[in-house]
Every structure is written in C-alpha cells, then in structure tokens.
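Below are notes on the pockets of this model and on the strands that line them. Please read them with the structure open.

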Amino acid sequence: MVGRIVVEDVRPVVSDGRYPARAVVGEHLPVSATVWREGHDTIAARVLWQSPGGERTSPTRMALTEPGLDLFTAVVVPDTVGRWSFRVEAWCDPWATWLRKMAANIAACLCAPELANDFEDGARLLERVAYRPDRRADRDSLLDTAAHLRDPYLLPRERMTAATAERVASVMREHPVRELLTRGQTYDVWVDRPRAAAGAWYEMFPRSTGGLDESGRPVHGTLATAAAALDRIAGMGFDVVYLPPIHPIGHTSRKGRDNRVAALPGDVGSPWAIGASAGGHDAVHPDLGTIDDFDAFVGRARELGLEIALDLALQCSPDHPWVTGHPEWFRARPDGTIAYAENPPKRYQDIYPLDFETDMPGIQAEVLRVVEHWIAHGVRVFRVDNPHTKPPALWHWLIWTVKERHPDVLFLAEAFTRPARLFGLARLGFTQSYTYFTWRDTQCELAEFAADLVARCDEMRPNLFVNTPDILPKGLQRGGMAAFALRAALAATLSPTWGVYSGFELGEADVLAPGGEEYAASERFELRPRDFAAAVAAGTSLEPWLERLNEIRRAHPALLDLRSLRCHPVANEALIAYSKRDPASGEIVLCVVTLDPETTQECVVEWDLDALGLPAGERFSVYDEVSGEIFEWGESAYVKLDPRRDVAHIAVVIRS
C-alpha cells in the first residue's frame with residue numbers, strides 16, 4: 001500500500017527483505033531511500049534503528065544528499081552482535097517549507113502587509129511545538145519568537161532573524177512538526193562480530209608439519225607439531241588459521257599420490273575422504289593426536305591472537321560410521337553398491353556423497369550435533385566444503401539455528417560455482433564466500449570484479465584466496481615470485497578478507513599436467529613438509545611481503561572497507577588503480593598494482609577526485625607504505641612499477 005509519501009528503493013535490503021542484509025559491530029552502515037511526494041512542500045525523513053530484541057531504538061535524521069534524485073541517506077553504527085532492524089519514516093516538514101517560502105518572499109522585497117498571513121502561519125507552527133509536553137524547556141523561547149513574527153512594528157527581515165536563530169532552528173530541526181507521516185517497511189540486518197568482515201586467512205595441513213626423518217622421508221605431523229608452526233603464521237600477521245579436515249581417513253578406495261586410483265602402502269589419502277574405524281566427523285585422526293591435543297592447539301592459537309577455522313565437509317569415506325549406521329543416507333546404484341562422488345569425467349571413488357532425499361531431518365540433526373561438538377572445543381569459524389552441492393534449505397536451517405545459539409559463529413562458503421548459487425548461498429546466511437578472483441587477471445576483469453563486489457556488499461562478503469590446495473592459477477604457474485607478490489597485493493587490498501594456502505610464500509608453482517590447475521605432488525594426497533626458515537634465510541620467501549601487507553592493512557582501516565572501493569582510469573592495461581576510504585576517519589588509500597610480473601610498466605593514473613572527496617584540481621602528498629617514499633600526486637599522477645623491486649603502490653593521502 002502506498003502512503004501519502006512514497007518511500008522506496010531502501011538500502012540495505014536483500015531480496016526485498018526476504019533475507020537480512022549484512023553488517024558488523026562498529027561498521028558505519030549507510031542507509032538510503034528514495035522519498036518523494038507530489039507538489040513542492042519540503043519532505044524530511046529519518047531511519048529508526050532498533051537493536052536485537054527491540055531493547056533500543058535510535059532515530060537518526062536522514063539528509064537529502066541528492067535532491068535531483070530525491071535520495072535521503074544516513075549512517076548507523078551497530079554496537080552488538082545480533083539481528084537488528086530498521087525502517088525509514090518520512091513526513092512533510094511545514095516549518096522547512098515555510099522557511100524556504102519566506103526566504104524567497106523576503107528576497108523579492110514583499111512588504112509586511114503582503115506577508116501577514118505567512119508570518120501567522122510560522123507563528124502557529126512554533127506554538128505547535130512549544131505546547132508539546134516534552135518541550136517545556138524551549139517553550140518561552142519559541143513563544144517569544146512567535147510574538148516577533150506577529151509584531152507589526154518589526155520589518156520582515158527583523159522578524160525572520162528571530163525565526164532563524166540557532167536555538168529556534170535547532171529545536172524545530174530536532175523536534176519537527178510532522179505532517180502526513182508515512183512509515184516504511186521494516187527490514188532486518190544481521191550484525192556479526194568484526195572478523196566476519198575483515199581478516200587474513202592462512203590454510204595449513206597439520207599432517208605436513210612433521211618434518212623429515214634421518215633418511216629424508218616425510219614424517220606425519222601432529223597437532224602438537226602444528227601448534228609449533230602457529231608462531232610463524234602469527235608473525236606474518238594472519239588472523240585465521242584454516243585446517244582441512246582433521247578427521248580419520250578411510251582405507252577403502254583410498255587415493256594415492258597425485259590422485260591415483262590405487263594407493264600404495266604408506267599413502268596417507270585425502271583428508272576429505274572422512275571416516276574410518278576411529279570415527280567420523282566428530283573425531284580426530286589418530287595420527288594427529290587426540291581431542292585434548294586439539295584443545296591445546298586451539299588454546300595456543302588463542303594465545304597468539306589467532307582463530308581456528310575448521311573444514312565442514314559433508315561427505316564420507318566408505319568406512320565412515322554413518323555408512324553402516326545410516327545406509328538410508330546414501331544413494332544405491334542399480335547393482336546395490338553405494339554411489340561414490342562424481343563430477344564427470346572426474347571420479348572420487350574414496351568419497352560417498354550424502355543423499356538428502358530420504359532422511360533430511362535425520363541428517364540435519366546429525367550435522368548440527370557435529371557443529372555443536374566443535375563449537376564446544378573452541379571453533380567459531382567453519383569453512384564449508386562445496387556447499388553448492390548440498391540442498392540450500394540445509395544451509396539456511398543450519399546456519400540460522402547455530403546463529404540463534406551462538407551468534408558469534410561464522411561460516412565461509414567454498415563455492416566456486418555459477419553466480420546464482422554463489423550469491424544465493426550468501427543470501428541464505430553464509431558469512432563469507434569464495435569468489436572468482438582466482439581467475440580474474442586483466443585490468444578489465446579485475447575492475448568489473450571489484451564493481452560487482454561493491455554492488456553486492458549488502459548480501460555477500462568476499463574472501464579472496466590467492467590459491468587453494470586444488471587450484472594453482474595459471475598466472476602463478478608462469479610468472480615467478482613477482483606474480484605471487486602482485487596477486488597477494490591485489491587480494492590484500494581489494495578485499496577486507498583474503499587468504500593464502502601454505503606454500504604460496506615459497507612460490508610453489510609446479511603443475512601436475514600442462515594446461516591444468518592441479519599441483520604436482522598435491523598436498524591433498526601426500527605429506528608436504530616445508531623448510532620455511534631456510535627460504536627466509538636464503539631470501540627466496542615471500543614471508544616478509546605477506547607480513548608487510550598485513551601490517552599495512554592493520555594500520556589503515558580504509559583497506560578493511562569494501563563499500564568505498566573504486567577503480568580509476570589507467571590507460572596502460574598492465575596496471576590497475578583503485579582507492580578506498582575509511583568512513584569513520586575519512587582516511588584515503590590509493591593503490592596501484594602492476595599486472596605484469598616481468599616488465600616495468602608506467603602510465604598516468606587519472607584519479608577521480610570527486611569520488612575521493614577531494615576538491616577538483618587539488619594537489620596532494622601521499623606516503624607509499626611499500627617503498628617508504630612520498631609522492632606529489634593530483635588528478636593526474638605518473639606512476640612506474642618495476643616488479644623486480646615493487647609490485648604495488650599502497651599510498652596514503654597525507655592530510656595537512
């Protein structure tokens with residue numbers, strides 16, 4: 001139903017309000033709406049921002065920021081986790097209308113007799129506010145002003161001086177006369193803790209942390225040896241350590257090295273082939289240790305300021321306890337055997353997918369039990385494996401059931417899939433999502449990708465992983481260490497959340513087969529101990545660069561904002577330029593990154609000063625956090641990047 005005043009195009013709203021929009025504690029969340037009515041009277045609007053449970057309601061006046069578009073905006077800042085709500089209210093503001101009318105009349109030099117009725121209208125509006133029970137403190141001032149408006153011995157300009165005095169203006173602005181009040185629809189915003197929006201992730205396999213024995217053979221790592229590796233990860237400035245499945249691995253149809261169908265003696269198998277006689281999704285692989293060892297691992301991470309993200313992969317090896325305990329949870333083939341997972345032509349003989357058609361409630365209850373088990377052991381972040389291959393209803397139910405009990409728990413969707421699924425899963429409740437960043441290489445591709453991230457920031461939060469255990473991007477296969485460095489720079493500065501898979505800092509780039517993206521000697525199927533310290537000592541590690549990127553991110557909140565991300569014109573397609581601005585402090589960070597890991601590239605960047613909130617034609621100084629240099633830039637800025645020295649400028653605008 002349409003009221004006397006139209007309130008439409010409200011943001012942030014996801015799917016017409018079917019799902020909550022996203023924010024985090026402390027975020028400066030912009031609220032906007034198009035508000036209009038017939039005629040020329042002045043319209044005002046405010047947003048009513050309500051805390052979880054309706055305990056607090058904060059009215060915030062909206063500003064008409066784009067009069068030509070009738071666009072009203074305001075900023076709200078949630079201060080606690082939970083489901084907030086808001087609605088936009090609009091009304092006709094007769095006092096503002098009267099002020100505008102009188103300004104025009106006074107400017108036209110109309111005489112007092114011609115304005116008598118107009119001054120009476122203004123006096124009556126002041127009296128309407130003065131006689132409100134809550135305005136007793138302002139009553140005398142407002143009534144005195146009304147008397148001035150009616151005083152026939154005062155000139156029109158003298159009367160208006162009283163009406164526009166700051167004290168009167170403040171009261172009439174903060175406690176306006178509201179006519180034709182129209183209440184818009186109520187919408188929800190789910191507010192997470194800050195880690196939901198910003199963080200640096202590091203993926204590691206605990207089983208690869210055992211080093212080598214005297215004969216040079218890899219030793220299976222444990223949670224204790226993995227805990228010893230946490231100091232290095234924390235030293236690089238990462239916030240979240242993501243573990244692939246740590247559960248028992250099946251023996252039946254176990255895969256061998258490089259995904260060979262037949263395993264040889266000693267092959268450790270894929271961690272995603274979950275389940276054996278030692279247990280299933282709620283158990284720890286015996287070679288890694290015990291649940292007490294896991295608790296100690298989580299505790300050590302917490303001491304270092306790290307969180308542990310655990311993989312939630314809803315699939316089973318043929319040896320999983322669910323296979324014998326709940327055969328109805330799996331699909332039988334015509335010959336009576338259980339169907340293994342397939343993505344033709346790929347076959348995963350070591351994995352049975354769940355069949356959600358026969359006992360969805362039973363599977364839901366068991367998955368919730370598993371998640372609650374790990375929450376009880378200190379896990380507050382889950383990376384969900386291939387969620388796009390499971391029913392959407394499962395995730396919507398599971399995530400919001402967990403959120404009701406544990407509002408601080410976060411879910412990352414590992415869904416490299418079509419847009420409808422990727423963004424649909426985010427709307428259903430996933431806190432973060434993998435994206436197409438891995439395959440975006442050119443300036444045009446990256447600029448379109450960045451614009452899409454901003455356009456969808458109310459519904460999806462990106463997590464830009466530069467590589468994964470099963471994706472070695474082609475750009476990293478041929479570009480050398482500079483390619484790794486520039487991809488890290490892009491991920492760390494484009495998105496508030498980014499991540500790397502262990503071995504990235506060493507420039508691991510051996511591909512299994514030409515034209516593919518599979519790592520040779522993939523860690524998914526074998527132990528991959530690495531000597532990180534030796535690489536640092538030899539100067540062949542990117543650890544210092546990753547540490548510097550994370551230092552810069554923490555020092556500059558603008559880099560942890562997504563809504564302000566803007567790309568700027570660069571004629572040289574081998575460079576990309578973009579900016580970010582912190583909504584709280586106004587800090588501006590300008591980034592220029594080379595996309596060529598081999599050749600020096602130079603060009604003039606055309607910075608859009610209006611988008612940056614800077615005056616047209618202004619010259620300004622920037623401090624480059626990468627090189628330590630100070631540059632004088634303006635609307636046009638010459639840049640030159642030699643990938644053998646620096647792959648990026650991350651420049652902070654210096655304000656006088």
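1. Strands here are DSSP runs of E with at least two residues, numbered from the N terminus. With that naming, β15 (341-343), β16 (346-348) and β18 (381-385) each give at least two residues to the lining of the largest pocket. The model is predicted: local features need pLDDT of at least 70, side-chain atom pairs count only at pLDDT 80 or more, and totals for chains, interfaces and linings use all residues. Residues are numbered from 1 along each chain as its sequence is written, and side-chain values use heavy atoms, with hydrogens and water left out.

2. A pocket is an open set of points on a 1 Å grid over the protein atoms alone, where a 1.4 Å probe fits, with protein on both sides within 12 Å along at least five of seven lines; lining residues have an atom within 4 Å of a point. The largest pocket has 47 lining residues, and Ala-341, Glu-342, Asn-343, Tyr-348 and Asn-386 lie nearest its centre.

3. The second largest pocket is lined by 23 residues, with Pro-30, Arg-563, Ser-564, Arg-566 and Pro-583 nearest its centre. β3 (29-36), β6 (63-66) and β7 (71-76) each supply at least two of its lining residues, and β7 gives the most, with four.

4. Strands pair if DSSP finds at least two bridges between them. β3 and β7 are antiparallel over six bridges, and Pro-30 has Val-75 in β7 as its bridge partner. β6 and β7 are antiparallel over three bridges, with Leu-64 opposite Phe-72 in β7. Four residues lie between the strands of the β6 and β7 hairpin, where Asp-70 takes a positive phi near 55°.
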